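Subject: Structure handover

Hello,

Here is the structure I said I would pass on. Please look it over before reading my notes.

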Amino acid sequence: MALTHVVNALDSLKDQAKDALWALSSCLCQQSAKVKINGRTFNIIKVLGEGGFSFVYLAQDETSGRQFALKKIRCPTGSEGVKEAMREVEAYRRFKHRNIIRILDSAVVQDPEGDGKIVYLFLPLYKRGNLQDAINLNVVNRKHFPEQDMIRLFKGTCEAVRAMHDYHTTSGSSSAQPQPSSSGSSSRVEEHHADEEDERFPQPEGDNDGGYSYNKTSVNVPLMTKHRVEGEGDVIFDGDEEVSAIQGAQNGNVPQGKGEHVPYAHRDLKPGNIMIADDGITPILMDFGSTVKARIRIDNRSQALLQQDIAAEQSTMAYRAPELFDVKTGVALDERVDIWSLGCTLFALAYSHSPFENTQTTEQGGSIAMAVLNAQYKHPNSAYSQGLKDLIDSMLKVNPKDRPNIHQVIAMTDRVLQSLL
């Protein structure tokens with residue numbers, strides 16, 4: 001297992017180096033790097049972020065001029081890696097909420113520099129950046145969020161998380177199954193969301209009524225499609241009854257009532273994964289690459305170590321719940337891992353860093369893991385209300401059974417907000 005981690009780490013470093021050189025080519029060569037996807041050419045303007053096997057770029061359609069956040073995920077293991085990466089697309093499509101980012105398109109192509117595949121995700125570009133950007137700006141300017149603004153941003157984030165924790169399968173399903181085209185790339189256009197014209201979201205220029213084909217005058221390819229893995233027979237989402245049910249509801253086949261409650265956990269909630277919409281006040285939750293069904297029974301040591309390894313790879317340490325650092329047998333992990341992360345996120349909004357990223361852990365050789373496992377943190381001196389501090393403390397309980405659920409967190413947040421009016 002240790003050897004596998006070393007190999008994966010080396011592969012990741014190699015791929016990051018490739019992508020970094022690719023992204024810097026515009027500076028070195030005085031022209032933009034380019035990538036061709038689904039018959040369109042995109043100019044890569046700059047790197048917006050990176051992590052693991054993925055990079056996020058600012059990309060611009062060469063024909064229409066429309067800009068995207070283009071996430072590039074390298075899958076050196078081929079189809080298996082693609083299926084793993086496309087779970088993120090599945091999550092974007094499953095959770096429909098005004099505070100959750102919506103995916104515009106996805107594509108799977110052969111890696112021109114290797115035997116693996118590359119998954120591209122087209123996401124809206126939020127020019128205001130994310131909450132971590134706002135925190136960094138506060139640090140530079142020696143400022144802090146006004147408490148009301150901070151609480152409103154936090155509440156919107158909680159409402160996105162509630163859509164995941166309170167997810168129910170639908171009792172009906174759509175009979176329409178996607179039919180791949182002869183090219184094996186696109187098959188069906190999804191309908192517009194009801195809030196498509198909402199000014200909070202970046203608006204695509206020239207979208208057709210039937211979907212996201214944004215350039216009417218040239219390439220007539222839907223921007224929201226299903227895809228096959230090139231050269232292989234499996235449609236990525238074929239047989240996903242939950243997604244089909246959502247599509248059926250959007251097409252007028254409204255399911256009768258709710259189905260089974262299947263909570264999902266985001267597992268990497270942090271300020272860097274919360275974008276700020278164009279109105280400046282609406283948070284948008286993103287990056288669902290770590291999302292899993294929340295309730296996982298741990299019956300033996302092997303399962304415990306597996307979950308521990310997954311968390312170490314996918315969940316940011318300073319925002320990771322203690323039960324993911326040391327996974328026990330005979331217990332069940334659940335959605336309350338996100339409640340801990342929400343507590344860390346609100347703390348970071350208030351004090352510009354995670355409760356476990358302090359001088360002792362970052363400069364004096366202390367252990368973030370030990371600080372988390374013992375909930376060792378304290379509130380810096382501030383003008384924030386006691387209600388805010390109590391809200392943070394309620395979420396940062398080592399025992400997940402002592403934490404509130406997401407509905408209780410929202411109710412407490414409302415009370416803090418009311419006390420500030």
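My notes follow, from the whole chain down to single residues.

This is a predicted model, so local features need pLDDT of at least 70 and side-chain atom pairs count only at pLDDT 80 or more, while totals for chains, interfaces and linings use all residues. Residues are numbered from 1 along each chain as its sequence is written, and side-chain values use heavy atoms, with hydrogens and water left out.

The chain has twelve helices and 14 strands. These are DSSP runs, numbered from the N terminus: H or I of at least four residues for helices, E of at least two for strands. Of the 421 residues in the chain, 49% are buried (under 20% relative accessible area, 1.4 Å probe, protein chains only; exposed is over 50%, partly exposed in between). The accessible surface is about 19700 Å² (Shrake-Rupley method, 1.4 Å probe). Carbon and sulfur atoms hold 49% of that surface.

Now contacts (heavy atoms within 4.5 Å). Among those with a separation of 6 or more, 66% join residues 24 or more positions apart.

Because 15 of its 16 residues are buried, α8 is largely enclosed by the rest of the structure. Just after α8, Ser-352 has a positive phi of about 75°.

Last, the cysteines. The whole structure has zero disulfides (pairs of cysteine sulfur atoms within 2.5 Å). Cys-75 is buried at 3% relative accessible area. Cys-158 is buried too, at 0%.

Best wishes
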